[in-house]
Structure formats: C-alpha cells, structure tokens
Amino acid sequence: MKLVIQGKNIEITDAIREYVHQKIEKAVNHFQNLTTEVDVHLSVARNPRINPKQTAEVTIYANGSVIRAEESSENLYASIDLVADKISRQLRKYKEKRNGKKLAAKTGEVVEQRTVDATLIGDRTPELPSEVVRTKYFAMPPMSLEEALEQLELVDHDFYMFRNMETGEINVIYERNHGGYGVIQPRNGVHGKNGKTPLTAVSDAPKAAKA
C-alpha cells in the first residue's frame, strides 16, 4: 500500500509523518486488500477568519473507487485522529456494500430503475468562486446512477461528477438541501437562449445518513 503525505502552509516533520503513518495505517489495516494508494493532505489556514484552522484530508483509492474523509480542528494531531476514525468508518461501509453487491449478484437481485424528473434546478442561481484555489484530476470510468450514488456517499462531498455509462455524458449527482439526491445532466437537443444546453435534474433518490 502506497502512502503519500503532502502539506500546505505546514512543514511535514518526522514527528508528523510518523504520527500519520501510525494512525492511518491502523485505520486501513483491515482493508489493505482493498486499497492501492492512500493520499494524506495536511493544511493550516492562514486566514484568521477561518476556524478551525488545521485540516487533515485522506483520500483512498480502492479497486477503482475513491474514498475520502476530511476533518478540521484547532490541533493538527486531533484532526489526524478524527479523520483516521472517519476514514475507517467509510472503508467499513464500502466493504459492506461491496460484499452486499456480490451477494446480490449471486441471488440474481435486480436494481429498480429510477424515473427521470425533468425539472430544472429551481430558482437558484449558480455562482462560481472568484478564483481557482485547487485543481484535482481523477479517472472517470463509466458508471451507473446507483454506483455514482455510492461514490457520493464515500467521498464526503455534497456532489460527485461521473460519466454516465448509459449516455457517455458527464453528470453530477448532489445532495439536495431539503433531503434526497439530485442529478444534473445535459438535455440533448434543447438549447437555451445563449445556445448552450440547459441542465435537468433527477431528485427521487432517498438521502442516506452519513457516517
């Protein structure tokens, strides 16, 4: 298992590196057969208005899936403790779902297809950040809506971008403010006033509780 440690606005000392190895390796010890790489990103916010300031983020690559957890506190070592516990729960959840899928495949269980709701995103106006603060690159293999929903629950974000295996298009699944999930996808053949393809949303998936 490959463990990569990076820092932002902080020096990764030998003591910090040793503590990360101790805590993260213990957290993933029972799941090493699933994990191929573990990335740890430690950061300290310089902006005095940001509180808590010290953040530990762990991203695990496991057999084509991405599992992520992030925790912040006033103490970096406390943040590492918190994120280690959280990533362990995420891995346990991933393993349980993976085993459940194998069992379902053996018993011939069929997943019910969700219907599409053609509503737009409502009266909300999308807003972009004033500047790009971080860029991420990751593989985007085609997957079903059910698989994308599972990934959303594992990455500890409120949205997840994926390539829809049925259409080949880029979709975004997200958590709705009032519960449940939505999917943003291109509407083929229909163009808005600016010539761009508008977005549609699917919002009938129930929202699961986070670990």
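Among contacts in the protein between residues at least 6 apart in sequence, what percentage join residues at least 24 apart? The share is 48%, where contact means heavy atoms within 4.5 Å. The model is predicted: local features need pLDDT of at least 70, side-chain atom pairs count only at pLDDT 80 or more, and totals for chains, interfaces and linings use all residues. Residues are numbered from 1 along each chain as its sequence is written, and side-chain values use heavy atoms, with hydrogens and water left out.

**Overall architecture**

- The protein contains 3 helices and 9 strands; helices (H or I, at least four residues) and strands (E, at least two) are DSSP runs, numbered from the N terminus.
- Their order from the N terminus is β-α-β-β-β-α-β-α-β-β-β-β.
- Of the 211 residues in the protein, 33% are buried; buried means under 20% relative accessible area, exposed over 50%, and partly exposed in between, with a 1.4 Å probe and protein chains only.

- Asn9 lies in the loop between strand 1 (2-8) and helix 1 (14-28). Although Asn9 is not a glycine, its phi is positive, at about 60 degrees. Most residues other than glycine have a negative phi.
- Asn9 is partly exposed, with a relative accessible area of 36%.
- Glu11 is found in the loop between strand 1 and helix 1 and is exposed, at a relative accessible area of 63%. From C-alpha to C-alpha, Glu11 and Leu42 are 9.4 Å apart in space and 31 residues apart in sequence.
- Helix 1 has 15 residues and reaches 21 Å from its first C-alpha to its last, close to the expected 21 Å; the expected span is 1.5 Å times one less than the number of residues.
- Buried in helix 1 are Ile16, Tyr19, Val20, Ile24, Ala27 and Val28. Seen down the axis of helix 1, its buried residues fall within an arc of 140 degrees, so they line one face of the helix; the arc is that of the directions from the helix axis to the C-beta atoms.
- Asp14, Glu18 and Lys26 are exposed on the other side of helix 1.

**Aromatic pair**

- The structure holds 1 aromatic pair. This pair, formed by Tyr19 and Tyr77, is edge-to-face, with 4.8 Å centre to centre and 80 degrees between the planes.
- Tyr19 lies in helix 1 and Tyr77 in helix 2 (residues 76-107), so the pair ties together parts that are 58 residues apart in sequence.
- Rings of Phe, Tyr and Trp (its six-membered ring) pair if their centres lie within 6.5 Å; planes under 30 degrees apart count as stacked, over 60 as edge-to-face and the rest as tilted.
- Tyr19 counts as buried at 19% relative accessibility, whereas Tyr77 is partly exposed at 31%.

- Strand 7 (residues 170-175) and strand 8 (residues 181-186) run antiparallel and are joined by 4 bridges; two strands pair if DSSP finds at least two bridges between them.
- Glu175 stands opposite Tyr181 in strand 8.
- The hairpin of strand 7 and strand 8 has 5 residues between the strands, and Gly179 in the turn has a positive phi of about 100 degrees.
- Ser144 is found in the loop between strand 5 (142-143) and helix 3 (145-155) and is buried, with a relative accessible area of 17%.
- Not counting residues up to four places away in sequence, Ser144 touches Phe162 and Met165.
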